[in-house]
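Subject: Structure handover

Hello,

I am passing this structure on to you. Please open it and keep it beside this email as you read.

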Amino acid sequence: MLETTGWTIDTLRKDVVWYKYNSKTDKQFANQNVNVISFNPKAGLGEMVFEYKKEKDSLSVFASRVKGAIAGINATYFIEKKDSADYMHLRLKGRDIQQVKVPKSSIYWWKHQGMFTLDDQGREFDIRFSPENFAGIKSENIMTGAPMLVDNFKPVGLTFADTTGINIKKLHYEHYLKHQGVRHPRTAIAVTKEGTLLLITVDGRNKNALGMSAKELTSFLTRYFNPKSAMNIDGGGSTMMWVNGQPFNGIVNYPTDNKKYDHYGQRKVETVILIK
């Protein structure tokens with residue numbers, strides 16, 4: 001971590017650290033509530049587990065099914081509207097559960113801009129721009145997300161959704177400028193130069209937690225963690241972080257689905273990332 005002002009830090013295990021940010025006075029990130037789980041796979045003590053279940057469930061229920069789970073977040077999501085194509089690529093243990101079918105002309109074109117890959121041991125991670133064809137990617141596990149925030153230390157998220165001079169109120173909700181150019185709760189992942197995995201949640205839609213745009217999240221991660229690569233994977237009411245042994249079924253952030261600033265607004269999701 002490059003700065004510690006505004007942060008509290010708890011060690012959950014020798015290789016797993018929980019960072020909590022909240023500041024009322026910071027000039028750049030006042031009234032933000034951010035949780036970050038750092039997992040160092042090189043310690044050889046644990047692994048990352050990607051859990052998928054077509055029948056949705058809450059993050060805390062997912063975690064309860066994984067023996068030894070320490071912490072986790074919600075992961076990618078799937079489109080459910082009948083008038084649109086699939087836009088997420090998900091491969092688990094060599095099997096493509098869902099493949100991207102989105103044409104460049106679709107309003108959803110940007111939804112699979114980034115790609116997170118994971119080895120079967122849950123200890124080697126990479127985040128980079130997605131290819132046009134995933135068939136050439138040898139990784140056994142692939143999860144797409146968007147937008148890319150940092151690519152080989154370049155903060156590409158700073159310019160992805162520049163809304164300067166644009167009336168975003170007239171745009172479709174899923175337009176990338178409206179979706180990523182304004183403040184919302186965010187879920188993201190990042191990988192450091194040393195190979196450490198970061199799981200990130202940013203709370204929002206409340207005066208105590210304003211949320212971030214893609215540009216702000218990029219600036220935040222660059223300022224405090226300087227990751228080699230980072231990618232947004234979800235957000236809004238799906239943003240959740242779970243830590244074993246904590247109150248409120250382990251949910252430590254402030255999910256927004258119940259429209260209250262508490263820990264009870266869990267949304268049911270299909271995919272989660274857990275550290276065990």
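Below are some notes on its strands.

One caution before the details: this is a predicted model.

Start with the open sheet. Four strands form it, in the order β4-β16-β5-β15. Their pairing is antiparallel. The edge strands are β4 (48-57) and β15 (241-243), and each of them pairs on one side only. From one strand to the next, the twist averages 20°.

Now look inside that sheet. Strand β5 covers residues 71-74, and strand β16 covers residues 269-275. These two run antiparallel and are joined by 4 bridges. To find the pairing by eye, go to Ala71, which stands opposite Ile275 in β16.

Next, strand β10, residues 141-145. It is largely enclosed by the rest of the structure, because 5 of its 5 residues are buried. Buried here means under 20% relative accessible area. In a regular strand, side chains alternate between the two faces of the sheet. In β10, Asn141, Met143 and Gly145 point one way. Ile142 and Thr144 point the other way.

Which strands pair with β10? One is β6 (residues 90-92), antiparallel, over 2 bridges. Here Leu90 stands opposite Met143 of β10. Another is β8 (residues 114-118), also antiparallel, joined to β10 by 5 bridges. There, Thr117 stands opposite Ile142 of β10.

If you want a place to begin, select β10 and follow its pairings to β6 and to β8.

Best wishes

Technical notes. Residues are numbered from 1 along each chain as its sequence is written. This is a predicted model: local features need pLDDT of at least 70, side-chain atom pairs count only at pLDDT 80 or more; totals for chains, interfaces and linings use all residues. Side-chain values use heavy atoms; hydrogens and water are left out. Two strands pair if DSSP finds at least two bridges between them. Axes are lines fitted to C-alpha atoms, for helices over the stretch in contact, and angles run from 0 to 180 degrees between N-to-C directions. Buried means under 20% relative accessible area, exposed over 50%, partly exposed in between (1.4 Å probe, protein chains only).
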